Amino acid sequence: MIKNTITTIALSTVAIFALTGCGDKQAPAEVKTYKYTTVQVYEKSCIKCHGKHGEGNPAKKTPALNDRTPGEMAEDLYDVKNGGTDSQSTGTDHEIMEHNMQKLIDKGYDYDIDSMAEFLSYLSKNK
């Protein structure tokens, strides 16, 4: 009787761990897909104001995008895409581009921030 009880408890414990996965497994992160590649987004929507190599255009009052590290650029792009108001924001002011960015996203020109930051770094190195 005691042997059967111990066996039942042991099997129940094993079953509980097997069914629950023995831990806190997180669901896989959702992978966002974009209509255009990073390069296509830059060529179709950014190049006319920021230049072929991200050099900017003083006549249009558009800043250079190739004068920062990928990490710094990612922070700026994050602020532009999220209005600079989120808890991860650096608090920088990008009002004009925030407005333009929403228009670009509505047209399908959304992009991955880290990918765009790396691409802009590539542009500056390959003038």
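## Burial and the model

Buried means under 20% relative accessible area. D110 has 11% relative accessibility, so D110 counts as buried. The model discussed here is predicted.

## The K81–D110 bridge

The structure holds 4 salt bridges. One of them pairs the side chains of K81 and D110, at 2.6 Å from N to O. This pair links distant parts of the chain, 29 residues apart. K81 sits in helix α3, residues 70-82. D110 sits in the loop between α4 (95-106) and α5 (113-125).

The bridge also belongs to a network. Salt bridges with shared partners join K32, K81 and D110.

## R68 and its two aspartates

R68 forms a salt bridge with D67, at 3.6 Å from N to O. R68 also meets D76 in a salt bridge, here at 3.0 Å.

How exposed or buried are these residues? D76 is buried, with a relative accessible area of 14%. R68 is partly exposed at 25% relative accessibility. D67 is exposed, with a relative accessible area of 53%.

## T38 in helix α2

T38 lies in helix α2, which covers residues 38-50. Its relative accessible area is 13%, so T38 is buried.

Which residues does T38 touch, leaving aside those up to four places away in sequence? They are S115, M116 and F119. With S115 there is also a polar contact: the side chains of T38 and S115 are joined at 2.7 Å.

Conventions:
Residues numbered from 1 in each chain as written. Predicted model: local features only at pLDDT ≥ 70, side-chain atom pairs only at ≥ 80, totals over all residues. Heavy atoms only, no water. Helix = DSSP H or I, 4+ residues; strand = E, 2+ residues; numbered from the N terminus. Buried < 20%, exposed > 50% of the residue type's maximum accessible area, 1.4 Å probe, protein only. Polar contact = N/O pair within 3.5 Å; in protein donor to acceptor, adjacent residues only side chain to side chain. Contact = heavy atoms within 4.5 Å.
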